[in-house]
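Good morning, colleagues. I shall speak briefly about one structure and a few of its side-chain arrangements. Please look at the sequence and the model first.

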Amino acid sequence: MTLVVDGLFKAFGGVQAVNNVSFRLDAGELLALIGPNGAGKTTCFNMLNGQLRPDAGSIRFFDNELAGVAPRKIWRLGVGRTFQITATFGSMTVRENVQMALMSYHRRLFALLPRAAALYVDEAMALLDRVGMADQADRPCSVLAYGDLKRVELAVALANEPRLLLMDEPTAGMAPKERVELMALTADIVAERKIAVLFTEHDMDVVFGHAGRILVLNRGQLIAEGNPAEVRENDQVREVYLGAELGHA
Amino acid sequence: MGFYIVQVLTGLSSAAALFLVASGLSIIFGVTRVVNLAHGSFYMLGAYIAYSLIDLFGRGGLGFWGGIVLAAVAVGMIGAIVEVLILRRVYQAPELFQLVATFGVILVIQDIALLVWGAEDLVGHRAPGLTGAVDIMGTPLPAYDLALIAISPVVLAGLWLLFNRTRWGTLVRAATQDREMVGALGVNQAWLFTGTFFLGSMLAGLGGAVQLPKGGADLLMDFNVIAAAFVVVVVGGMGSIFGAFLAAVLIAELNAFGILVFPEITLVLMFLVMAVVLIFRPWGLLGSPEAPGQKGQQGPPEQPLRPAPVRVQMAGVAVVGFLALLPVVAGPFALVLTVDILIFALFAVSLHFIMGPGGMVSFGHAAYFGGGAYGAALLIHYANSNMESAMALGPVLAAVLALVFGWFCVRLSGVYLAMLTLAFAQVAWSVVFQWNDVTGGDDGLLYIVKSAWADTAQSWVPFYLLTAVLCLSAMLFLRRVLFSPFGYAMRACRDSELRSHAIGINVLEQRWLAFTLSGVAAGVAGSLYVFSKGSAFPDYMSIPLSFDALIMVLLGGVKTLLGPIVGAVTFTWIQDEISRFEYWRFFLGLAIILLVIAFPQGIAGFGRRYLGPWFGIRAEEAQ
Amino acid sequence: MTFTRRAVLAAAAAAIVAIPALGGSVAHAADTIKIGDINSYKRLPAHTIPYKKGVELALKEINAAGGVMGKQLELVSRDDGGKPGEAVKIAEELFAKDKVALISGSLFSHVGLALTAFAGQNKKLYLAAEPLADALVWAKGNRYTFRLRPSTYMQAAMLAEQAAKNPAKRWATIAPNYAYGKDAVAAFKKVLKQKRPDVEFVAEQWPGLFKIDAGAEVQALAKANPDAIYNVTFGGDLAKFVREGKTRGLFKDKLVVGLLTGEPEYIDPLKDEAPEGWLVTGYPWQFIKTPEHKKFLDAYQGAYGEHPRIGSIVGYNTMLAIAAMLEKAGSTETEKMVDAMKGLSFDSPTGPITFREIDHQSTMGAYVGRTAVKDGQGIMVDWTYEDGANYLPPDDEVRKMRPTS
């Protein structure tokens with residue numbers, strides 16, 4: 001089992017943002033975390049990636065406890081991340097962004113003399129090739145189209161050969177066609193590398209089209225869990241989402 | 001008892017002028033993000049203009065108070081003119097660039113004030129009806145102190161009403177919180193900024209005018225108040241008027257009582273307060289965190305680093321060749337000047353290293369320059385060291401200072417980081433300045449003698465060559481580091497802290513080491529400098545030197561690697577040439593202002609744009 | 001927009017190109033002796049502009065009288081910006097480019113000391129005009145540096161001698177928080193304690209230079225309840241200190257001793273608020289009736305339409321000293337000039353002056369007296385001219401302080 005989350009709690013002031021959340025995630029699985037605004041998705045996510053420390057509960061990632069561990073250490077354990085609003089290095093080229101992650105992975109961050117641009121070129125190009133960005137490798141990241149930035153982020157997230165990917169709204173801000181392509185790409189990569197993925201998402205087409213399993217949060221609590229068909233039929237979920245959107249998927 | 005009450009009241013009255021100046025500075029910074037160094041000059045102008053107006057109107061109640069108010073309005077108008085004529089043209093430049101323009105304004109105003117009001121200090125008029133003292137439980141308190149104590153709350157209340165009860169004030173508050181939003185609301189941003197400058201400068205002028213009965217007008221007022229004003233703004237929290245009030249009172253009271261216990265604390269007290277406040281409250285007492293993405297990233301994003309094309313490399317070789325030939329073709333003074341230029345170029349490059357690619361602006365970089373200088377000088381004095389080992393070990397002191405100060409500084413960001421570096425630099429400066437037994441205090445350490453082979457009394461050539469080799473090597477080393485994984489990681493931390501964390505980069509450690517590396521390079525420059533001058537003084541650690549370096553970097557162009565070098569050469573050389581004139585500050589200020597307006601991306605940024613293609617620097621795509 | 005940018009660019013380019021052309025033109029007359037003058041003309045113009053006027057007056061008179069060794073004296077004047085590093089660079093330039101025979105000037109002690117070190121290391125003659133630091137001729141002195149103005153120690157000793165005659169026992173001091181202030185307080189304490197072992201110092205205040213928080217400082221001094229106060233603040237600090245002190249009744253029934261307070265640079269701006277009855281060093285230019293001074297005063301007022309300051313007389317005497325030295329040396333070779341400077345005596349408007357062989361300090365004295373206000377102006381009364389020669393430590397003490405080289 002890649003990830004075992006058990007009894008997670010987090011409160012802000014008097015508000016219980018996450019209330020006793022537990023779930024499991026296995027290699028090769030695409031798990032979606034959904035819920036209406038304010039349901040606690042982001043809080044939950046930020047506890048997994050280390051930005052927030054849970055009040056209680058445990059997050060087992062293979063043999064390691066992640067609760068309260070700094071983001072950079074979580075990454076070292078083999079957890080990759082993409083952000084809702086892409087976070088890349090604007091003053092670097094596409095390839096350099098990936099090289100940067102590779103330099104960190106190979107613990108070369110304090111090397112003062114080697115030429116960074118010549119390090120791990122082949123590995124970086126292979127990753128960019130995998131996400132379909134090899135032809136733009138030499139462009140500055142600051143001029144890329146948004147969909148391409150998302151791909152770069154995916155390549156960066158794959159640089160440390162992660163066993164778990166945390167993707168916060170991976171398709172936010174993208175055109176519908178791009179969304180499908182990106183998720184298909186992600187699914188392929190996950191399958192071939194046996195990576196576990198946990199993602200949050202607003203777009204129900206993406207969720208129901210690509211997730212193997214879905215967790216539904218409402219008011220900090222898990223109200224449903226199961227494959228898309230099960231979740232779609234869940235009354236409580238229908239109630240939360242007012243029934244409207246789910247029917248289309 | 002009476003004594004302590006009077007001391008409290010004295011502190012409150014001292015806080016008044018400080019609050020007025022600082023509130024103006026805070027408003028200007030909050031809305032326009034301009035670090036307005038010329039704010040002290042507006043304070044000085046307020047004092048001079050009020051003095052002349054009171055002379056003109058007569059010293060009656062109406063003449064006195066009318067003169068003060070009119071002087072404040074006049075200074076407000078001068079501030080607005082400066083904004084319209086100069087600053088408005090450079091808002092699109094990289095962050096902090098406007099600071100260079102305001103530095104030019106300081107120089108211009110200094111010489112104009114000297115020309116108009118003469119060199120002699122003017123002792124201020126007394127306030128009619130308030131010349132005597134009030135007895136408070138047996139201890140006298142000047143009556144005018146009571147007036148000053150009343151002025152701050154009145155102005156504070158007025159500002160509160162302005163910001164909360166008028167449309168303009170609401171816009172100003174909105175702009176303080178989110179500049180883009182105001183632009184989106186369709187507000188004429190240009191006039192909002194002009195209005196802000198008018199208000200802020202007016203408050204500075206008012207501060208200068210109301211302190212007349214406590215002092216007067218002199219030509220050093222501008223520099224003397226500006227550091228204190230910045231400290232108050234930062235301690236209070238940028239953009240917070242109540243914070244400024246609180247900080248002014250806090251600092252004035254701590255000073256009033258501090259001197260009773262530690263009379264010598266006067267130089268360092270407010271900087272200690274600022275350091276402590278920033279360590280525990282990184283955004284000041286009542287400030288709020290800076291919006292992310294404002295760390296030197298104004299304007300178009302920086303372009304990726306590319307290795308120098310062949311033609312640029314050839315140009316570099318040509319420069320080295322020129323430097324190597326200089327002793328043959330030029331007279332001894334050309335070598336002296338070039339030594340200065342090389343040292344300042346290294347100093348500026350070291351600052352640019354953390355400021356540009358590192359995204360950490362330092363207002364106190366002279367601490368490390370001076371650290372290297374004193375490291376070497378102390379070794380010569382107390383360890384009987386020779387020049388070679390003193391030069392090699394001197395920068396160790398700079399490294400220690402950078403390690404200690406850097407550990408705190410890298411935890412902050414933006415202007416707060418810059419101000420913490422300033423605070424630490426002032427603390428270091430005051431230690432050197434006051435520790436007479438060891439450092440010689442202001443009398444410095446003399447006879448920092450060169451080794452016989454480099455004795456400049458005989459010939460400048462060997463020492464010149466030593467300087468050229470050391471400075472060029474250090475600059476090339478820093479350049480190399482920028483292209484290394486370390487340099488990339490440093491830029492990564494600047495570009496996106498979030499992403500850096502998420503790929504395992506220890507941002508604080510990376511920054512800390514970068515800060516230290518830069519400090520060591522500055523220290524190398526400093527230790528060369530003491531040998532070139534033959535003596536060490538606290539000046540080599542002082543605020544003006546820190547700002548010289550800052551201006552070199554910004555003037556040259558913070559977004560290019562050549563920028564600091566071009567800036568150092570230009571600034572040092574122009575200053576050397578212009579300082580021969582009687583009113584050289586006026587012309588230097590004017591030259592700086594013109595350069596700023598002509599080259600908003602810095603001189604090297606401009607050169608890159610227009611000469612770049614010829615040199616084979618490829619134009620990057622723009623968004 | 002493009003037009004204005006281009007215009008500004010053109011202007012900037014023109015300015016930069018024009019600078020060397022404007023700055024580089026130094027007339028090279030073969031039959032002049034050049035003197036390099038370095039001072040902080042912009043940092044403390046209230047002091048340095050009168051200095052320059054004094055220098056230029058003397059120069060005019062010397063040259064009108066035929067110059068020295070048949071040559072005219074030519075001054076190459078530069079501003080050091082109050083920065084020691086800048087001053088050293090300018091010194092290099094003056095010797096290398098302008099071929100001056102010697103340098104003189106400077107006001108700030110640290111700048112003077114930087115030039116002292118420069119002179120010692122480069123074996124060039126430097127005549128320090130105004131800097132007061134004791135170290136300049138003692139602990140840090142060297143063969144190539146001489147000083148004209150009476151030092152901190154000398155002026156403090158003059159005041160201490162007078163102060164010792166007063167019964168006051170409890171003393172408080174206030175001085176700017178830097179080397180000059182510290183030296184001035186230490187010297188005063190030392191001499192006063194020698195003459196009056198019974199006095200005690202009950203409070204010290206050290207405001208930052210030109211950053212005095214006068215109200216709080218005055219209160220702090222009052223709290224110690226001293227019989228007498230020794231003041232070293234000057235300039236803007238002095239004005240604030242006097243005003244606060246008066247308003248708060250600090251000076252009532254107390255002896256106040258003020259170093260330099262009677263110098264016109266500092267007492268003139270105070271006008272009718274000048275302190276009264278303070279024991280001070282200064283320059284009572286109105287009342288010095290010697291023919292030499294009268295001649296100087298008339299010439300100065302005739303030339304500039306204003307009265308001289310202490311800086312004026314120091315500047316004037318500096319040039320007299322240089323002319324006398326050149327006459328004696330008969331050469332502009334550094335070693336010969338240095339030898340001529342040693343023990344050089346000349347007459348000045350303030351009386352005869354000798355540069356002591358032992359430490360290169362001149363014996364130029366100072367005027368010590370009481371302050372008063374007359375016709376809305378601070379003046380000095382009951383003053384005497386104290387010859388500097390009488391206020392220097394014994395020779396063996398001086399020898400111990402000076403480095404052996």
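**Surroundings of a serine, and aromatic pairs**

Leaving aside neighbours within four places in sequence, Ser104(C) is in contact with Ile35(C), Gly36(C), Asp37(C), Ile38(C), Tyr51(C), Tyr126(C), Leu127(C), Thr318(C), Met319(C) and Ile322(C), where contact means heavy atoms within 4.5 Å. Ser104(C) is buried, with a relative accessible area of 1%; buried means under 20% relative accessible area, exposed over 50%, and partly exposed in between, with a 1.4 Å probe and protein chains only.

A word on conventions. This is a predicted model, in which local features need pLDDT of at least 70 and side-chain atom pairs count only at pLDDT 80 or more, while totals for chains, interfaces and linings use all residues. Residues are numbered from 1 along each chain as its sequence is written, chains are lettered from A and ligands numbered from 1 in the order in which they are written, and side-chain values use heavy atoms, with hydrogens and water left out.

I turn to aromatic pairs. Over all chains, the structure holds 48 of them (rings of Phe, Tyr and Trp, the last by its six-membered ring, with centres within 6.5 Å; planes under 30 degrees apart count as stacked, over 60 as edge-to-face, the rest as tilted). The rings of Tyr91(B) and Phe193(B) have centres 5.0 Å apart and planes at 85 degrees, so this pair is edge-to-face. Both Tyr91(B) and Phe193(B) are buried. By contrast, Trp429(B) and Phe433(B) are stacked, at 4.4 Å centre to centre and 25 degrees between the planes. Both Trp429(B) and Phe433(B) are likewise buried.
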